[in-house]
Amino acid sequence: MIVSIGTTNPTKVRAVKLAFAEIDLIQEFIEADVASGVSSQPFSDEETMKGAINRAAASRKETGADIGIGLEGGVVETSYGFFLCNWGALTDGSLSQPIVAGGARIELPLEIGAEIVKGRELSDVMDEFAHRTEVGKNEGAMGIFTNGAVDRTEMFAHVVKLLAGRYQYEKNRQSL
């Protein structure tokens with residue numbers, strides 16, 4: 001079975017490979033640099049979820065893989081502040097709808113949220129905030145704000161495990 005990953009971002013690619021490591025059916029992973037179809041900085045659960053779904057479908061279509069995986073990170077503003085959010089989607093030819101799952105959330109400092117509201121991307125803001133480069137391709141905001149207890153790869157791997165588990169459940173249910 002071939003899995004396409006709707007990104008070339010190394011943290012997301014590692015997350016997919018880590019989560020699928022225990023599934024014997026997987027033969028190959030293909031990275032596909034596909035568009036999310038949403039803004040470069042999703043600013044709601046709905047927009048972030050849509051980006052993940054779009055990436056899953058586009059990567060599968062572009063590569064001809066059996067399964068398409070899309071992962072998208074975003075920010076949500078609530079009455080309690082700004083929160084990091086992340087969503088994933090899985091598509092294949094037999095599902096009538098994509099499988100969708102969300103992951104961990106953590107509050108962002110107000111100064112980070114204020115920059116996002118101005119239209120800046122979280123990855124750029126985090127590079128400045130952390131005095132590092134390519135935070136989004138490494139530990140991510142999740143890693144910075146959990147002091148390394150949970151990094152971006154682990155955060156997305158959790159979402160992919162939810163997707164893979166649900167996929168296996170659906171396949172088992174179809175065979176009954």
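Student: In which helix is the place of Glu111?

Tutor: This is a predicted model, in which local features need pLDDT of at least 70 and side-chain atom pairs count only at pLDDT 80 or more, while totals for chains, interfaces and linings use all residues. Residues are numbered from 1 along each chain as its sequence is written, and side-chain values use heavy atoms, with hydrogens and water left out. Helices are DSSP runs of H or I with at least four residues, strands are DSSP runs of E with at least two, and both are numbered from the N terminus. On that numbering, the place of Glu111 is in helix 3.

Student: Is Glu111 buried, partly exposed or exposed?

Tutor: With a 1.4 Å probe and protein chains only, buried means under 20% relative accessible area, exposed means over 50%, and partly exposed lies in between. The relative accessible area of Glu111 is 48%, so this residue is partly exposed.

Student: How far apart in space are Glu111 and Val125, C-alpha to C-alpha?

Tutor: Val125 is one of the buried residues of helix 4, which runs over residues 122–130. Along the sequence, Glu111 and Val125 are 14 residues apart, and from C-alpha to C-alpha their separation in space is 9.6 Å.

Student: Why can the buried residues of helix 4 be placed on the same side of it?

Tutor: The buried residues of helix 4 are Leu122, Val125, Met126 and Ala130. An α-helix has 3.6 residues a turn, so residues three or four places apart point the same way. The arc is that of the directions from the helix axis to the C-beta atoms. These residues are on the same side of helix 4 because they cover an arc of only 115°.

Student: With which residues is Thr48 in contact, leaving aside its neighbours within four places in sequence?

Tutor: Thr48 has its place in helix 2, residues 45–63, and is buried, with a relative accessible area of 0%. Contact means heavy atoms within 4.5 Å. Beyond those neighbours, Thr48 is in contact with Pro42, Glu72, Gly73, Gly74, Cys85 and Trp87.

Student: What is the radius of gyration of the protein?

Tutor: The secondary structure of the protein comes to six helices and six strands. The radius of gyration is taken over C-alpha atoms, and the globule rule is 2.2 Å times the number of residues to the power 0.38. For 176 residues this rule gives 16 Å, so the protein is as compact as a globular protein of that length, its radius of gyration being 16 Å.
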